[in-house]
Amino acid sequence: MTATIEDKLFTLKFKPDEHSHLEVISQETCRTKCGNRACTTFCPAQVYKWEEDRLMVSHENCLECGCCRIACPQRNIQWRYPRGGFGVTFRYG
Amino acid sequence: MEEEKFDVVVVGAGPAGLAAAYTLTKAGLQVLVFERGEYPGSKNVMGGILYRQPTEAVIPGFWKEAPVERPIVEQRVWMLTKDAAISLGYKSERLAQEPYNSFTVLRAKFDRWFAGKVEEAGAFILTDTVVEGLLRENGKVVGVRTGREDGDIRADVVIAADGVNSLIARDAGLHAELKPEHVALAVKEVIALPKEKIEDRFNLDPGQGATIELIGEATGRMLGTAFIYTNKESLSVGVGAITSEFVASGIKPYELIEQLKNHPAVRPLLVGGEVKEYMAHLIPEGGYKAIPKLYTDGLLVVGDAAMMVNSLHREGSNLALTSGMLAAEAVIKAKEKGDFSAQSLSLYQRLLQNSFVIKDLMKYKDATHYLEKHRELFTVYPEMMSDAAYEMFAVDSVPKGDKQKQIFKMIRGRRPLLRLARDLFDGWRAIS
């Protein structure tokens, strides 16, 4: 039996903030300059999904690793920590 | 909160930050630690192995009361192909004796305990607070800006212990943004299993622990490693690879860990286990060459924020704890002189250079480069060894002499002997 990313995210405790701590700087860049949409595969929480012509950001799933900030080939993600106390809380780590 | 002034503000209540805070507080300095999570450890992920001696250097006798999981008596390395595993292991009775060499730990439990000791010693720890930037005067760091109302706190020195993403070190201009080649992305699961099952499957006496490091097919042939560690009543199972490799391969981290868990050599260890938590984190991999500037006027950088990880030996927690302690020692001396300038704080770097921290990082500075140039370690070599071993172990009435010829023909076909010798030689040079 193979577990899905949804199964895995279900094991975690999240306190999502109203506003996303992650932002796509320019959707235009995603549409026109980005070739492989790498964020939709390397993100360990599947935060980024390409829908038709927009990059959707599910910040409530974010594990705050920082991979997207560093690995987006276009440096197109504005990355901050969630507000203090918000975001994921690891119970094991 | 009024604008109070502390001797030191530490950003981040992980191992490096807590080690610094503990050492400073014990020496009588006023310390305030900021932690953005609900509690120390809540935003931290580690394999993870804690090494007894380096930790005792900071907090003697910790292992007698800290929530450590199992002392490690056996270490194994597995090289995986699609359907096989070649293993190397070392188990010793000496490792099973107090005071022990290393323990498995779970960050959320251990850091919380350690933070409690730091508070007992007199430091303040403020959780749920993100440090958003540094306060500066005449180019010197004089405190931090936080997300709280009236959130400016002044201090003689700020210690940036804010982990691999270290926005503080970047804010201070000590280094540019991290490169995807310099960090690894790792995912991990804590999988619950009854302690007797763990002890049966890993061949352990009650309470003892074992570790397995895995390479090859375990990382989808990317440059990285996987691990399986035994906790008291769970296993820590994880896999990571250099971030640029994930970008290039398109492999999804959560699918990679599923593949690892389903590998025929791994699956039986996990049967009946329940995934309690899934997590992800970045690990500094750039080594010595990626270390940023470590200090400036009024600021020091420690732990993962300073890229201090010796990945070849899977060591990070000991470098973090030691660098935190050494940073504290440098600050204590600076306080005696009343001088918190870069010149005065440069003692930190000298202390690091005289310790295993910089010495080990320097020794292995070419290791990652070697691995990048020798991917056959993750692909060709495990396959070659597996096929050779299979031929040797298959008792099928083929004369041994013929088998030997077959094996050598197979090896030469995959990797000319000269290349093989060169690979070994280059490898030796890279770690000497």
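Residues are numbered from 1 along each chain as its sequence is written, and chains are lettered from A and ligands numbered from 1 in the order in which they are written. Because the model is predicted, local features need pLDDT of at least 70 and side-chain atom pairs count only at pLDDT 80 or more, while totals for chains, interfaces and linings use all residues.

The contact between the chains involves 28 residues from chain A and 41 residues from chain B; two residues are in contact if their C-beta atoms, placed from the backbone, lie within 7 Å. On the side of chain B that touches chain A, at least two residues each come from helix H4 (107–120), strand S11 (183–192), helix H7 (243–249), helix H8 (253–262) and strand S15 (274–284) of chain B. Helices (H or I, at least four residues) and strands (E, at least two) are DSSP runs, numbered from the N terminus. S15(B) gives the largest share of this side, 8 residues. By class, the side of chain B that touches chain A has 21 nonpolar, 10 polar and 10 charged residues. Ala, Val, Leu, Ile, Met, Phe, Trp, Tyr, Cys and Pro count as nonpolar, Asp, Glu, Lys and Arg as charged, and the others, Gly among them, as polar.

S11(B) is largely enclosed by the rest of the structure, because 9 of its 10 residues are buried (20 or more other C-beta atoms within 10 Å of the residue's own, with C-beta atoms placed from the backbone). S11(B) pairs in the antiparallel sense with S15(B) over 10 bridges and with strand S14 (residues 234–242) of chain B over 9 bridges; strands pair if DSSP finds at least two bridges between them. B:Ala192 has B:Glu274 as its bridge partner in S15(B) and stands opposite B:Ser234 in S14(B).

Chain B is assigned domain 1 (5–67 + 105–175 + 292–354), domain 2 (181–284) and domain 3 (368–431), with bounds from an automatic or database domain assignment. The centres of domain 2 and domain 3 of chain B, taken over C-alpha atoms, are 26 Å apart.

Helix H15 (residues 380–393) and helix H16 (residues 400–414) of chain B pack at an angle of about 170 degrees, with their axes 10 Å apart. Axes are lines fitted to C-alpha atoms, for helices over the stretch in contact, and angles run from 0 to 180 degrees between N-to-C directions. H15(B) is therefore roughly antiparallel to H16(B) (an angle over 145 degrees).

Conventions: Buried ≥ 20, exposed ≤ 12 C-beta atoms within 10 Å, placed from the backbone. Parallel < 35°, antiparallel > 145°, perpendicular 65-115°, else oblique.
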